[in-house]
Structures are given as C-alpha cells and as structure tokens.
Amino acid sequence: MIQAISGELGMIERLQRSEFSGYVHSVFDKTINVMCLENGELYTLACHRVDNAPNTLVIDVNSFGELGINMNDSVQVAHNRINIGSKLVIAMDHAKLWESIVPSYPTDVELLKKNVAKMNRHMDMHGTRGGMKKPLPSHRMFEEAVSSMLLERSEMLLTALLRHEMSTAFDMAVRLVGLGPGLTPSGDDFLVGLFTIFNMPNSPCSEWTDFSARVVQEAQGLTNEISYMAMKKASLGRVRESILGLLHALIAGSQEELLLALDRVLNIGSSSGTDIATGLVRGLEINIHRGGKICLPKLSSNKARILIPYR
Amino acid sequence: MSTKVVIKQSTYFDSVSLMSLSTKANQIEGVEQAVVAMGTEMNKEVLRNVGLITPELEEAKTSDLMIVVKAATDELCESAFVAIEELFKKKSAPAGSSEIKYATIDSAAKSIPEANLAVISVNGAYAAREARKALENDLHVMLFSDNVSIEDEIALKQFAHEKGLLLMGPDCGTAILGNVALCFGNAVRKGSIGIVGASGTGSQEVSVRIHDFGGGITQLIGTGGRDLSEQVGGIMMLDGMKALDEDDATKVIVLISKPPATSVEKKVLAQIKQCKKPVVVYFIGGTEESVVAAGGHFAKTSKEAALKAVVLAGADESTINKRALNIPLVEEVRAKLTPEQKYIRGLFCGGTLCDEAMYIAMEKFDNVYSNIQKNADYQLKDLHVSQEHTFLDLGDDDFTNGKPHPMIDPSTRIVRFLQEAKDPSVGVIVMDFILGFGSHEDPVGVMLPAIIEAKQWAEKEGRHLEILGYVLGTDLDNPKMEDQVNKLMDAGVTIASSSTNAGLLSREFVVKGA
C-alpha cells in the first residue's frame with residue numbers, strides 16, 4: 001500500500017465522502033489522470049517529485065512507469081483507500097491538506113514593478129523557446145507559424161482588453177486555445193497564467209474573471225481534457241503550488257526568492273513553464289498599467305494555507 | 001515531395017517527450033518537415049497555413065496526436081516514419097522493463113555473486129551509506145553521487161583501502177573498466193595504457209587522444225575531484241597507481257589531475273619512484289622539475305600526456321599524426337578580425353577542457369577571467385557578464401543548480417553563446433562538444449541553429465565572428481564524430497583537433513589585437 005503525502009482540499013473531501021469512481025484516463029511517468037464519473041472532471045495522482053496542484057493527490061511513489069497501470073483501469077474509493085484495479089492501493093490517512101489561494105494584488109506596486117522587470121530579463125535568458133518565446137530561426141515552418149500566431153493573438157488579446165473591446169478580446173482568447181506544441185498547448189498555458197492574475201483579489205483586472213469563465217466555457221472541445229482542466233481551474237483561481245510561489249515572490253520576495261520561484265515554474269513541462277510565466281507577467285503588466293485608474297475595496301491579507309495536518 | 005500522416009487516437013505523451021520527439025523527427029535524414037502535435041482545431045489551422053493539412057488530419061480530434069512528415073520521396077517518408085515509430089516505442093516502454101531491479105545492494109550482491117563493482121548514483125545524503133554497504137559486500141565502488149561529506153569520503157576510502165577495493169568518487173563521472181565506459185566515457189581501443197584521473201573530462205580527453213594516436217586503454221580509474229586534497233591524501237590515486245602497476249596488461253600509467261596539495265604530491269611522486277612502469281604526469285598548470293626528479297614523465301598538456309604515453313607504450317613516434325597546429329589558419333583568422341575584436345570567450349561543458357584552454361591563454365594574457373579561476377582577482381564579478389578574456393565552466397555548480405549538466409543538455413549554453421556573439425569586442429568563441437556514453441546524443445545539432453543565427457548577425461553588422469569548436473570523441477563513438485564535425489564545418493565553425501589545440505588556436509587567433 002502506498003501512502004498519500006498531500007492533496008488538494010476539495011479532492012480529499014470528495015474522496016473522503018467516497019463520491020468517487022472512475023477510470024484511468026492517461027498515464028505518464030510522474031502522474032496519472034483519473035476521470036471521475038460523478039462530475040466528469042479529471043483528477044491527478046502525482047508522484048512525490050511533483051508539486052501540489054488543483055484536483056491533485058501527491059503520493060509516495062517515485063514514478064508510475066513501472067506500476068503497470070494502464071488507460072481505462074478502474075478506480076474505486078472506499079474506506080479512505082483508492083484502489084486502481086488490483087494494481088495499486090493508496091491510503092489517505094496521513095495526507096496533508098493543501099489549498100490553492102491566489103495572493104492579493106499589492107497596494108504598493110513598486111517592488112512588483114521591479115520584480116516584473118527582473119522576471120522579464122530572466123525569462124529572456126532562461127525561458128524555453130518554441131511556444132510564447134519565439135524559436136530560433138530554422139526550416140521548421142509549423143513551429144515558426146505557431147509562434148507567430150501565438151505572439152500576434154496574445155498581443156491582440158491584451159490590447160483589446162485594455163481598450164475594453166471585449167468581443168475582440170474574447171475572439172483572440174478563444175483562438176489561442178489549443179494552439180501550439182506540447183500536451184498542454186502553449187496558448188492554453190499562456191491563458192492559465194493570465195487567468196491566474198485576473199483572480200488576484202484587489203487586482204485592477206479582477207473584473208475580467210467573468211471573461212475568463214466565458215473563454216473556458218467556449219474552450220471545451222477546443223483542446224484536450226488535460227489542458228482544459230488546467231485552464232478551467234485557473235479561471236477559478238486554482239493553480240499549482242509553484243505558480244502561487246512565484247506570485248508571492250513577485251509581490252514580496254527578494255531577488256533570490258524570485259529567481260528560485262521563477263525557475264521552478266520555468267521547469268514545468270517543456271515550454272509550458274515559460275508560456276505560463278509569460279501569461280503571468282503580461283497579466284501583471286496590464287494590472288500595473290491599469291492600477292490607480294479604478295477604485296477597489298481593500299481585502300485583508302490573503303496568504304495561501306498550505307499543508308494542514310489531516311486525519 | 002511526399003507527405004505522410006499518422007494519427008494516434010487518444011494518445012497522450014508529456015510535453016517534454018512530445019517536444020523531444022518533434023526535434024528528433026526533424027533531424028531524421030531526408031525529412032524536410034516533421035510535426036508532432038495534438039489534434040486541436042488551432043493546430044490544424046496552422047497546418048493549413050503551411051500547406052501540410054490533409055483530409056485525414058482534418059478529422060483529428062483534440063485528444064489525438066497528429067504526426068506529419070514531409071520528405072523528398074515516398075521512400076524517405078516511409079523510412080522516416082519507421083524511425084519515428086522507433087522513437088515512440090522507446091518513449092512508451094516502461095523504464096528498465098527488460099532489467100531485473102533490486103531494492104538493495106545486499107539483495108543485488110546476493111543475487112549476482114559474480115558482480116565485483118557497484119555504481120552508486122543516489123542522493124548525496126544516502127550515498128555514503130550505500131557505498132559502505134557495497135564495500136561490505138566486497139564490491140569495488142564507483143560513486144557518481146556528489147554532496148558526500150569529506151569525512152565520509154575519507155572513511156570510505158580508508159575502509160576500501162583496507163579491503164583492497166577501489167572507491168572511485170564521490171562525484172566521479174568517468175571510468176572505463178574492462179573496456180566498458182561507466183557514466184561519461186568514450187569508446188576507445190583496448191590497449192596497454194592505464195589512466196588514473198581526478199578530473200572527468202580531462203581523463204576523457206587523454207583517453208580519446210591516446211586512441212587518436214593509435215594507442216589503447218587498459219583501465220581508466222576515476223578518483224573523484226577531492227582525492228588529491230590535503231584531507232583525503234590521494235588514497236584513491238595511490239591505490240589506482242598500485243593496481244595498474246600490478247596489472248599485467250598495463251605497460252604505461254598516466255596520472256591526470258589539477259595540481260595536488262603539496263603533501264599529497266610528495267606521496268604521489270614517492271610512489272612514482274616505486275612504480276615498475278613508466279608514469280606520465282599531467283597535473284594541469286603543474287611544473288616539470290619535481291615530476292622529472294621522481295622519475296616521471298611530465299606533460300604540460302593533455303595532448304602531450306597522450307602522446308608520451310603512446311610512445312612509451314611502444315609506438316613509433318615518426319608514424320603518429322600529431323595534429324600539429326595549423327599556422328596558416330591562425331594568420332588567416334587574425335587577418336579577418338578588427339583591432340577591437342581582441343577577446344576570447346570560452347563556453348565549455350567540460351571543466352578540465354575549460355581549465356586547459358584557460359591556462360594556455362594565461363601564458364600570454366594577464367586579463368583572463370573565469371568562474372573557476374584560482375586567483376580571486378580574476379574570478380568573474382558577475383557570472384552572467386563576461387570580462388575581457390573569459391572562460392566559463394558551464395558544468396560547474398554556478399551554472400547547473402537545478403538544471404541538467406551541459407554534457408547532458410548542451411542547450412543550456414545557447415543563451416550565453418548568443419550573448420557573447422553580440423559583443424563586438426569578441427574575437428573568438430571557443431566551445432567543446434562532448435560525445436560518448438552518458439552525453440547528449442547530438443551536442444552539435446543542439447547548438448547549430450544558434451551558431452547559424454549568430455553568424456548571420458555578425459555578417460549583417462559587417463564583422464567576422466570566429467567560432468572555434470572542438471568535438472571530443474573517437475571514430476567509435478555515437479553519434480558519429482565525422483558527422484558532428486562536418487555539421488560544424490558546414491556552419492562555418494573552425495575545428496580544433498584536440499583540447500590543447502583548441503586552447504592554442506583560440507589564444508593565437510587574438511594575439512595580434514590583444
């Protein structure tokens with residue numbers, strides 16, 4: 001039997017209530033995804049090398065590659081145990097709870113401005129090319145065309161948002177969905193970053209959370225289920241731990257903390273980390289641009305609650 | 001022109017695998033375009049725009065994986081697809097599915113009683129414990145893990161010494177035992193020269209030069225970088241020398257290290273006197289007198305170490321192609337550089353290769369900066385900004401924190417390379433490309449787009465950008481050394497034939513303007 005190490009609050013509560021049966025949707029080395037038949041959402045079982053994330057349970061295995069788990073294996077939950085066929089039993093007794101809470105947009109943005117500039121410089125140097133960061137010239141027409149379209153559409157989206165041309169913005173956002181290489185297309189990853197920023201309490205852009213919800217509604221069927229789930233959760237302000245860590249570092253971190261947190265995000269997937277980080281940084285730039293032009297109620301400090309012991 | 005399409009239904013690979021598959025598919029011989037992407041509407045729109053869409057692709061669903069290959073002929077397309085399928089099979093196969101895995105060293109030793117060596121690569125916190133278990137099971141140890149305390153290293157080496165076993169490491173990346181390369185190593189001929197090396201790429205370089213000069217290797221024993229420090233006392237180098245001295249197949253011994261602590265050097269030199277066989281000593285930046293006084297053969301460079309060893313092993317020196325420096329080439333390059341282009345920038349994956357080139361430059365220049373400079377005055381103030389002549393060991397902890405070593409992923413060097421290429425004061429950029437077991441499967445291919453782009457920038461600005469490349473490998477290595485060299489030459493890169501020559505050429509190219 002394998003022990004669960006930590007898991008997202010909502011997922012653990014659902015598992016606790018045993019409102020969960022499903023099948024294995026996809027198998028990777030570090031994660032497996034399970035389709036829940038009760039609510040049609042994907043849930044992830046992740047090895048201990050992966051950070052906490054929405055709909056995710058981190059368990060004490062190094063890899064799923066050798067456990068013999070296959071697509072469509074049945075998944076059942078009973079008595080605080082997850083059974084994947086007869087291949088794996090996961091005990092949740094000692095799993096710590098984790099909840100994704102996006103930090104508030106700061107009232108004093110001077111440090112944020114400096115950190116955004118540092119983040120841009122670091123991404124210029126260390127970001128992965130091929131998605132939102134233009135690839136080096138090559139004969140690969142597909143990649144070059146994808147990159148041009150990503151840049152053009154993301155810029156048009158941001159410009160339209162700033163001009164309140166919401167119909168154009170919506171069109172551009174939808175035309176980013178499913179665009180790009182990788183399991184989670186680069187356009188989706190960019191939107192994950194952007195939607196996260198819209199969900200920062202006190203954000204000058206928080207009025208656009210409805211916009212992101214509409215885009216996600218339209219996105220169903222335009223990208224694969226794994227990528228769709230990440231976008232859907234981001235539109236609700238629920239993102240993985242490393243992204244939250246980066247936001248905290250951007251708001252209040254030292255240069256060292258910022259670069260450490262940024263590197264963690266840049267290491268996600270192939271170009272996914274760079275694409276998400278680009279969405280975050282563009283979103284913050286819009287916030288900085290709009291800051292002061294609107295008046296929002298101040299909310300209390302809103303730090304992520306992390307790792308509450310669970311019995 | 002022929003286009004072939006395959007759609008893999010409901011197939012999910014992680015992004016890293018997909019990107020890697022796509023990159024490799026585009027590098028297959030004869031392939032003009034290869035696309036590996038999820039079947040989303042937007043990706044299909046891009047395929048329409050670039051003229052690669054087919055009716056079959058139009059039917060792909062968001063959970064399907066689209067593979068498109070365009071090549072000159074149907075046959076090329078077909079063979080490219082066979083190669084792509086092979087790549088997919090490799091990615092799909094569970095890791096080590098054909099191997100038996102043991103949970104502990106004890107169970108492995110019990111199950112394979114004929115085993116006499118354990119290679120240990122675990123988190124540093126557990127490495128000493130595992131190494132001790134292996135020694136207790138009478139196994140020699142190659143300890144690849146780093147972050148092992150010096151106290152543990154000393155204790156383990158003393159324990160190994162008492163048991164008559166080798167403890168190679170910690171942080172030992174290179175060994176060739178019984179003609180099998182472990183961790184990072186090259187395919188070299190079997191022969192009569194034994195090497196004990198405290199530096200990984202230095203040992204690789206000497207082994208490939210020996211091969212190039214017609215010689216061969218009996219054993220290459222790594223010691224770990226701290227072995228010749230005052231505290232450790234050279235336990236492993238002394239035991240390695242002794243083992244090779246007692247080995248009938250070994251006729252000549254080569255020692256490779258950065259200069260040892262004085263007390264350790266004395267011990268090593270004393271043992272050279274005891275050796276029945278000739279010993280060539282290449283202590284990078286070291287001096288000749290003491291080595292000669294001890295009866296050893298001093299080598300100033302890695303190339304000289306290899307040459308002396310091969311000759312001492314019986315080769316006729318007059319028949320060896322010594323790869324003399326190409327003097328007309330030096331003049332030719334000097335003539336292309338403007339007076340402002342006076343600095344060398346060395347971007348190395350191999351630490352010892354960086355060291356060697358740096359020491360060669362220091363013979364003529366004072367202003368040589370590096371992240372591995374011993375002289376604190378010449379250590380780089382900001383690792384991200386080069387000063388005058390700068391030599392970077394990109395495999396050092398300064399650059400690898402949380403990232404793969406550049407020998408495994410040389411793409412980590414691209415950004416710095418482009419940065420240096422833009423600097424109008426740069427006369428030459430020198431880089432190594434390391435082939436062999438454990439290294440990246442196409443180190444040149446990874447850098448080529450950046451090299452081509454940099455050359456184009458320089459041309460637009462009306463200046464010559466001299467790029468000097470050294471491919472460390474042998475004709476037996478994979479990928480093929482010749483192919484790697486040809487790719488560089490086609491991109492306008494000047495090729496050095498050894499680490500030593502790379503250092504000498506880069507220095508001589510900029511002498512005039514310095």
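Tutor: A salt bridge is a side-chain nitrogen of Lys or Arg within 4 Å of a carboxyl oxygen of Asp or Glu. Over all chains, this structure holds 46 of them. The model is predicted, so local features need pLDDT of at least 70 and side-chain atom pairs 80 or more, while totals for chains, interfaces and linings use all residues. Residues count from 1 along each chain as written, chains are lettered from A and ligands numbered from 1 in written order, and side-chain values use heavy atoms, without hydrogens and water.

Let's start in chain A. Glu41(A) forms a salt bridge with Lys233(A), and their closest N and O atoms are 3.0 Å apart. Glu41(A) lies in the loop between strand S3 (31-36) and strand S4 (42-46) of chain A, while Lys233(A) belongs to helix H7 (residues 225-235) of chain A, so this pair ties together parts that are 192 residues apart in sequence. Helices (H or I, at least four residues) and strands (E, at least two) are DSSP runs, numbered from the N terminus. Is Glu41(A) buried or exposed? Glu41(A) is buried, with a relative accessible area of 11%, and Lys233(A) is buried too, at 6%. Buried means under 20% relative accessible area, exposed over 50%, and partly exposed in between (1.4 Å probe, protein chains only).

Now look at a pair within one helix. Glu110(A) forms a salt bridge with Lys113(A), with 3.6 Å between the closest N and O atoms. Both residues lie in helix H2 (residues 110-126) of chain A, 3 residues apart, which is about one turn of the helix. Glu110(A) counts as partly exposed at 44% relative accessibility, and Lys113(A) is partly exposed as well, with a relative accessible area of 39%.

In chain B, Lys276(B) forms a salt bridge with Asp245(B), where the closest N and O atoms are 3.8 Å apart. This pair links distant parts of the chain: Lys276(B) sits in the loop between helix H10 (262-274) and strand S12 (279-283) of chain B, and Asp245(B) in helix H9 (residues 235-246) of chain B, 31 residues away. Here the two partners fall into separate classes: Lys276(B) is exposed at 65% relative accessibility, whereas Asp245(B) is buried at 9%. Salt bridges can also share partners, and in this way Lys300(B), Glu331(B), Arg334(B), Glu363(B), Lys364(B), Arg507(B) and Glu508(B) are joined into one network.

In strand S16 (residues 389-393) of chain B, 5 of the 5 residues are buried, so the strand is largely enclosed by the rest of the structure. Strand S14 (residues 343-348) of chain B runs parallel to S16(B), joined by 4 bridges, and strand S15 (residues 368-370) of chain B runs parallel to S16(B) with 3 bridges. Two strands pair if DSSP finds at least two bridges between them. Find Phe391(B) in S16(B): it is the bridge partner of Gly346(B) and also of Ser370(B). For a contrast, turn to Asp397(B), found in helix H15 (residues 397-400) of chain B; Asp397(B) is exposed, with a relative accessible area of 57%.
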